[in-house]
Amino acid sequence: MAHLRTFFTFLLDKAVLSVNPIPRGYLKLFFKQSDFSTGRKWHLFSKDEISALREELLKEYKGATIANSVSRLALIVDTYLGLRPEELQVLKFEQLVKYEGSYTFKIDDSWSEKEKNPNGSLKDRPKGTYRYCLPIKNIEVIDLIKDFQIKQKKYLDEYGLKNTSGYIFLNLHNYKSISSNNQLSVTQKSLNEKLKAVCKNAGIEKQKDSILALYSLRVYLSSLLGNDNRISNMYACQRMGNTIQVFLSTYVKENRESYKENSQLWNC
């Protein structure tokens, strides 16, 4: 239906049709609300779980080889940024900037897992559009990134290779791609698997009937933003890269701490 609506919209622009036969909001028009499933439920981290996750990631990162530390560093960074997986994959060293008094990333691209190439733009945004991510206030994380840049270069120099893409999370196990014109970043699958493994090591169990994946970090940070009355929804949407409608309806959940507090406060 979505493809048909796009096709007919193209014909509208060419003046072939006067009305798009596929209406906006077609699913709600053609189906009852009870016909819909609840969809995917992402594991919602608690603050204690995020602290335990960061601690375990840092411990494993410091004990890993350069090639094996890439995915762990990516996860450490994402616990502060909550990026879409395809945005995380193409983070570049040069995109680390200081903005409004804090370090953050200024991003303008995303990765296509299918094409094994950058898309050339952010999701659903024109080429050239950029956004600033959430500020990273933990200087230790910034130091890790800068230190990793030095270690990555030294590692590649040993094999006569160069990071021509500028990717922080370059797949250091794939020497063929590094030596080519199309350098590959770590895969979403490997990042998700590493997240599950580290959570297990940290004693974190996912909620019943939920999915534990990179998007869980995005939901966690979005929920923190959405439940903090000091922070405007407009700011949160700009930093996370969503419209207000999508941000509130899809990502913002009541965090586990406030839900428990509300239950304790209730008395009737």
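Modeller: Glu 60 is buried, because its relative accessible area is 14%; buried means under 20%, exposed over 50% and partly exposed in between, with a 1.4 Å probe and protein chains only. This is a predicted model, in which local features need pLDDT of at least 70 and side-chain atom pairs count only at pLDDT 80 or more, while totals for chains, interfaces and linings use all residues. Residues are numbered from 1 along each chain as its sequence is written, and side-chain values use heavy atoms, with hydrogens and water left out.

Glu 60 forms a salt bridge with Arg 72, their closest N and O atoms being 3.0 Å apart (a side-chain nitrogen of Lys or Arg within 4 Å of a carboxyl oxygen of Asp or Glu). This pair links distant parts of the chain, as Glu 60 lies in helix H3 and Arg 72 in helix H4, 12 residues apart. Helices are DSSP runs of H or I with at least four residues, numbered from the N terminus. Arg 72 is likewise buried, since its relative accessible area is 12%.

Helix H3 spans residues 47-63 and holds another pair, Lys 59 and Glu 56, which are three residues apart and so separated by about one helical turn. Lys 59 and Glu 56 form a salt bridge whose closest N and O atoms are 3.3 Å apart. Glu 56 counts as buried because its relative accessibility is 11%, whereas Lys 59 is exposed because its relative accessible area is 56%.

Helix H4 (residues 66-81) packs with helix H6 (residues 139-158) at an angle of about 155°, their axes being 11 Å apart. H4 is therefore roughly antiparallel to H6, a term for angles over 145 degrees. The axes are lines fitted to C-alpha atoms over the stretch in contact, and angles run from 0 to 180 degrees between N-to-C directions.

In the whole structure, a search finds eight salt bridges.

Methods:
Helix = DSSP H or I, 4+ residues; strand = E, 2+ residues; numbered from the N terminus. Parallel < 35°, antiparallel > 145°, perpendicular 65-115°, else oblique.
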